[in-house]
Amino acid sequence: MSTDLLKDALKRLSAIVEKTGINQSTYQALAQPQRTLSSNISIRRDKGQLDYFKAYRCQYNDLLGPTKGGIRFHQSADVSEVQALALWMTLKCAAVGVPFGGAKGAVTVDPKSLSPMELERLARAYIRANADFIGPDQDIPAPDVYTNARIMGWMMDEYEKIARRKSPAVITGKPLIFGGSAGRESATGRGAFLMIDRLSKKNDWDKSDKTVAIQGFGNGGYHCAKLLQQAGFKVVAVSDSKGGIYCKDGLDIESVYQEKQRSKSLKAVYCNDSVCESVEHQVLTNDELLALNVDILVPAALSGAITSENARSVSANYIVEIANGPVEADADAILNERGVTVIPDILANAGGVIVSYFEWCQNRQGESWEEQVVHDKLANYLECAFDAAWQLSIDEGLDIRDAVYKLALQRIEAALEAHGTQSYFENRE
């Protein structure tokens, strides 16, 4: 990757600690990961040859509970990215009050180059390499970029074979039949939608007047876009890795999604049952989408989409980060100067880890909650966190990103103090 993601994440964290008056000892506790396991895992290809892949699992910090974080399969994954994502997960869990620390995992692989059988072998090989490193009381993986419920099911099955016991709580984001949670698949996008809906209520918006552009039409981007359209917002642009489409009158998100599943490409269409007709639209690049004159921009692809080089071209007044780290640290000051409000990833995309926490609870308790129960509990967690950050931003004159970070850091600081701080030991006779 062009940017050292961990270095960039720590640069932002250091600046926010300095700005918000958080104790330096809290920053020091987060300035490096507790442990990272790097492995070379092998699979036998369908034609018989052995191939080797770099694999990682980082447990960044467990002050607030067992660590939690997804596993991604991506060709650009490296140790810096994994550690940065694990740091953000630490802050994310703290920001929304979920009793987990942060972790992350990855395999450096192009998953599209693997057959279904090779993909299963890779998933199981990853668990064999990390079986002593994870567990329902230690570190709980979940799906991430290019992994899904089926892959989590394979991973859970492999862990149970190694541990010789049933252990559904070792993995979240599993198929429902294996103890997965209702509402997990849509949780990340739903969480981002809830944050935009909360913004709307705080600002007394007429939703039909608000335009939205979404960069990234994967799981999170799709569910957010669909819920926004259903709520009355006008989603005028979406994109994937190949580029995007723009329609000033708004897109029919479900029709676009169904067409993408059918043709593997983004097209502006409107479908009535199986009959689809093309809608007048403009084709644009991802860079052009980021610069669209819309009210809300939702970066929902990979990290580093908005940098110091293109931040001035962003026209939106609000950015809601579904991707992890889509705005680089050097772009923060530029966006602040231009009055852009950013709902940070550690809040906006926290829906996934919150519902993963619910799944873990259900597995531990031997329960299965109705989907509406999950939706209601998710909304309660996120709305409480948003309202706390909103009030803190007003009380202390902070931007929303700094307010969310401060809330997270205060919880981590409290855990450190409960163990005994330097001042406590210095004042002891």
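Author: Gladly! This is a predicted model. Domain 1 and domain 2 bury about 2,700 Å² between them, and carbon and sulfur atoms give 70% of that area. On the side of domain 1, Leu63, Lys92 and Val96 lose the most area to domain 2, together 22% of what that side buries.

Reader: What makes up domain 1 and domain 2?

Author: The domain assignment gives 5-9 + 32-178 as domain 1, and 182-362 + 373-428 as domain 2. Taken over C-alpha atoms, their centres are 24 Å apart.

Reader: How many residues of domain 1 and domain 2 are in contact?

Author: There are 34 residues of domain 1 in contact with 31 residues of domain 2. The word "contact" here asks for heavy atoms within 4.5 Å.

Reader: Why are glutamate 359 and lysine 174 called a salt bridge?

Author: Let's set the value against the cut-off. A salt bridge needs a side-chain nitrogen of Lys or Arg within 4 Å of a carboxyl oxygen of Asp or Glu. For glutamate 359 and lysine 174 the N to O distance is 2.6 Å, so the pair meets that definition. In general, side chains of opposite charge can pair when their charged atoms come close. Between domain 1 and domain 2 the count is 1 salt bridge, and there are also 9 residue pairs in polar contact.

Reader: Which elements supply the side of domain 1 that touches domain 2?

Author: Helix H1 (5-20), strand S3 (67-74), helix H3 (79-96) and strand S5 (139-143) each supply at least two residues. H3 gives the most, with 10 residues. By class, this side of domain 1 has 22 nonpolar, 5 polar and 7 charged residues.

Reader: What does UniProt list for "binding site"?

Author: The unreviewed UniProt entry lists Lys68, Lys92 and Ser356. They span 289 residues in sequence, yet no two of their C-alpha atoms are more than 12.9 Å apart, so they gather at one spot. Lysine 92 is found in helix H3.

Reader: How many salt bridges does a search of the whole structure find?

Author: The search finds 31. Aspartate 144 sits in the loop between S5 and helix H5 (149-163), and lysine 104 in strand S4 (residues 101-108).

Methods: Residues numbered from 1 in each chain as written. Predicted model: local features only at pLDDT ≥ 70, side-chain atom pairs only at ≥ 80, totals over all residues. Heavy atoms only, no water. Domains from an automatic or database assignment. Buried area = accessible area lost by both parts, 1.4 Å probe. Polar contact = N/O pair within 3.5 Å; in protein donor to acceptor, adjacent residues only side chain to side chain. Helix = DSSP H or I, 4+ residues; strand = E, 2+ residues; numbered from the N terminus. Nonpolar A, V, L, I, M, F, W, Y, C, P; charged D, E, K, R; others polar. UniProt positions renumbered as here; feature names shortened; annotations may be inferred.
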